[in-house]
Amino acid sequence: MLAHYLPILIFLGIASALAVVLQVTGRVLGSLGVKHRGDAQKLSSYECGFEPFEDSRMKFDVRYYLVAILFIIFDLEIAFLFPWAVSLHRIGRSGLEAMGLFLFILVIGFAYEWKKGALEWD
């Protein structure tokens with residue numbers, strides 16, 4: 001039973017060793033180069049080419065979160081549709097009805113978000 005985990009342990013060992021090698025290489029190469037000191041312009045915060053104009057702790061509109069939830073809902077829907085479509089010939093009518101119910105529930109969630117105005121941008 002433990003032999004089944006050997007490839008995973010080998011993978012984790014190689015990944016850890018590679019991470020250490022890359023970190024050490026970066027530090028060594030960085031210490032060999034010229035010391036870079038940032039000036040005020042270089043060390044300032046950067047927001048897509050614009051000067052920062054508000055506090056970073058500002059409140060976000062709830063609609064951002066609603067759109068994120070909507071994206072997750074439909075992303076999960078697609079993730080469940082692929083295996084269902086592949087195995088539809090084996091699961092038959094009961095699988096078709098179960099997926100129909102699943103899609104119906106998702107459509108209700110979409111209609112709710114639409115009614116709440118989550119897709120409206122002012």
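Rings of Phe, Tyr and Trp (its six-membered ring) count as a pair if their centres lie within 6.5 Å; planes under 30 degrees apart are stacked, over 60 edge-to-face and the rest tilted. Across the whole structure, a search finds 3 aromatic pairs. This is a predicted model, in which local features need pLDDT of at least 70, side-chain atom pairs count only at pLDDT 80 or more, and totals for chains, interfaces and linings use all residues. Residues are numbered from 1 along each chain as its sequence is written, and side-chain values use heavy atoms, with hydrogens and water left out.

**Confidence**

- The mean pLDDT of the protein is 81, and 81% of its residues reach 70 or more; pLDDT is the predictor's confidence in each residue, from 0 to 100.
- Helices (H or I, at least four residues) are DSSP runs, numbered from the N terminus.
- Where pLDDT is low, the predicted coordinates should not be read in detail.

**Packing of α3 and α4**

- Helices α3 and α4 pack at an angle of about 170 degrees, and their axes are 10 Å apart.
- This angle makes α3 roughly antiparallel to α4, because angles over 145 degrees count as roughly antiparallel.
- Axes are lines fitted to C-alpha atoms, for helices over the stretch in contact, and angles run from 0 to 180 degrees between N-to-C directions.
- Residues of α3 that meet α4 include Leu66, Ile73 and Trp84, and those on the α4 side include Leu88, Met99 and Leu106; contact means heavy atoms within 4.5 Å.
- By class, this contact of α3 with α4 has 18 nonpolar, 2 polar and 2 charged residues.
- Ala, Val, Leu, Ile, Met, Phe, Trp, Tyr, Cys and Pro count as nonpolar, Asp, Glu, Lys and Arg as charged, and the others, Gly among them, as polar.

**Aromatic pairs**

- One of the 3 aromatic pairs is Phe74 with Phe110, edge-to-face at 5.5 Å centre to centre and 85 degrees between the planes.
- This pair links distant parts of the chain, with Phe74 in helix α3 (residues 62-86) and Phe110 in helix α4 (residues 88-116), 36 residues apart.
- Phe74 is partly exposed at 27% relative accessibility, and Phe110 is partly exposed at 26%; partly exposed lies between buried (under 20%) and exposed (over 50%), with a 1.4 Å probe and protein chains only.
- Phe80 and Phe102 also form an edge-to-face pair, 5.6 Å centre to centre with 90 degrees between the planes.
- Phe80 in α3 and Phe102 in α4 are 22 residues apart.
- Phe80 is partly exposed at 47%, as is Phe102 at 26%.
- Phe74, Phe110 and Trp114 form one aromatic cluster.

Technical notes:
Helices (H or I, at least four residues) and strands (E, at least two) are DSSP runs, numbered from the N terminus. Angles under 35 degrees count as roughly parallel, over 145 as roughly antiparallel, 65 to 115 as roughly perpendicular and the rest as oblique.
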